[in-house]
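Here is a short briefing on a protein with its ligand. Look over the sequence and the model, then read the points below.

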Amino acid sequence: MAQRLPVDLEKSYRLLNHGPTVLVSSNHGGTVNVMAAAWSMPLDFQPPKVAVVIDRNTLTRRLVEASGEFALNVPSRELARLTLSVGSVSGRDVDKFSANAVPTFAAEKIGAPLLEDCLGWLECRVIPEPHIQETYDLFLAEVVAAWADPAAFVNGRWNTEPGGRKSIHYVAGGHFFETGDAFEIED
Ligand SMILES: Cc1cc2nc3c(=O)[nH]c(=O)nc-3n(C[C@H](O)[C@H](O)[C@H](O)COP(=O)(O)O)c2cc1C
């Protein structure tokens with residue numbers, strides 16, 4: 001089991017600022033699920049908020065609307081196959097946690113399970129905006145807790161050393177990028 005440390009909420013936007021593909025986990029009344037999402041982003045610093053597109057045809061959509069909660073889990077390359085898999089089948093047809101033998105642990109503030117072996121985790125409570133949910137499949141949420149593997153992200157910074165685990169970015173058709181070289185500009 002990877003270590004995890006709390007991330008200061010005011011720095012939690014940094015888990016998403018570079019645009020990683022995430023895994024959206026959800027739970028309503030004991031029905032748990034996970035799907036992939038390339039379309040998520042931070043939305044505010046304090047209180048931290050996120051936006052994520054959750055298509056109306058997904059099981060995740062039903063669970064998120066019913067529970068008002070979800071988690072964004074930030075996977076690394078080691079979980080790319082899982083990311084593609086949970087983004088290609090619906091929890092309506094398959095229990096994706098059992099089928100993929102995905103270990104999870106309990107979130108602190110929400111009911112959705114968090115996926116082991118990710119780099120970071122954002123626990124989110126939906127800010128109801130029925131119009132944009134219905135029109136654009138877009139969900140806004142407040143981040144109520146955040147965590148990271150300190151080997152990957154600590155003190156508000158991603159570890160960009162060679163050999164470290166990195167987040168991933170989806171293009172299409174099974175094609176991903178891994179987060180690449182970091183560089184600094186003095187400000
Ligand atoms: C890498 C990847 C990224 C995806 N990004 C999104 C996304 O941002 N929003 C979305 O609604 N669906 C996205 N999808 C599709 C859902 O993950 C897919 O419809 C999933 O099967 C829904 O699962 P569910 O019905 O169990 O909730 C993505 C799929 C993949 C493979």
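How many residues surround the ligand, and which are the closest? The count is 21, and the closest are N33, T60, S90, G91 and K96. The model is predicted: local features need pLDDT of at least 70, side-chain atom pairs count only at pLDDT 80 or more, and totals for chains, interfaces and linings use all residues. Residues are numbered from 1 along each chain as its sequence is written, and side-chain values use heavy atoms, with hydrogens and water left out.

**Ligand contacts**

- Polar contacts here are pairs of N or O atoms within 3.5 Å. (Within protein, one atom must be able to donate a hydrogen and the other to accept it, and residues adjacent in sequence count only if both atoms are side-chain atoms.)
- W39 uses a backbone N or O atom, 2.9 Å from a ligand oxygen.
- V53 also uses a backbone N or O atom, here 2.8 Å from a ligand nitrogen.
- K96 uses its side chain: an N or O atom there is 2.8 Å from a ligand oxygen.
- The protein buries 86% of the 650 Å² that the ligand exposes when taken alone. Accessible areas come from the Shrake-Rupley method with a 1.4 Å probe; for residues, only the protein chains shown count as cover.

**Make-up of the shell**

- Elements giving two or more residues to the shell are β3 (31–37), α1 (59–67) and α2 (80–86).
- β3 gives the most, with four residues.
- Helices (H or I, at least four residues) and strands (E, at least two) are DSSP runs, numbered from the N terminus.
- By class, the shell has 12 nonpolar, seven polar and two charged residues. Ala, Val, Leu, Ile, Met, Phe, Trp, Tyr, Cys and Pro count as nonpolar; Asp, Glu, Lys and Arg count as charged; the others, Gly among them, count as polar.

**Salt bridges**

- Side chains of opposite charge can pair when their charged atoms come close.
- The structure holds 11 salt bridges. Each is a side-chain nitrogen of Lys or Arg within 4 Å of a carboxyl oxygen of Asp or Glu.
- R77 and E178 form one, at 3.2 Å from N to O. R77 sits in the loop between β6 (69–74) and α2, and E178 in strand β14 (residues 175–178), so the pair ties together parts that are 101 residues apart in sequence.
- R77 is exposed, at 54% relative accessibility, while E178 is partly exposed at 34%. Exposed means over 50% relative accessible area, buried under 20%, and partly exposed in between (1.4 Å probe, protein chains only).
- E184 and R157 pair at 2.9 Å, N to O. E184 lies in the segment after β14 and R157 in strand β12 (residues 157–158), so this pair joins parts that are 27 residues apart in sequence. Both E184 and R157 are exposed.
- K109 pairs with E108, with the closest N and O atoms 3.9 Å apart. K109 is partly exposed at 39%, and E108 is exposed at 52%.
- A salt-bridge network links R56, R61, E65, E134 and D137.

**Cysteines**

- How many disulfides does the structure hold? There are zero. A disulfide is a pair of cysteine sulfur atoms within 2.5 Å.
- The sulfur of C118 is 13 Å from the closest cysteine sulfur, in C124, which is too far for a bond.
- C118 is buried, at 0% relative accessibility.
- C124 is also buried, with a relative accessible area of 0%.

Technical notes. A residue is near a molecule or strand if one of its heavy atoms lies within 4 Å of it.
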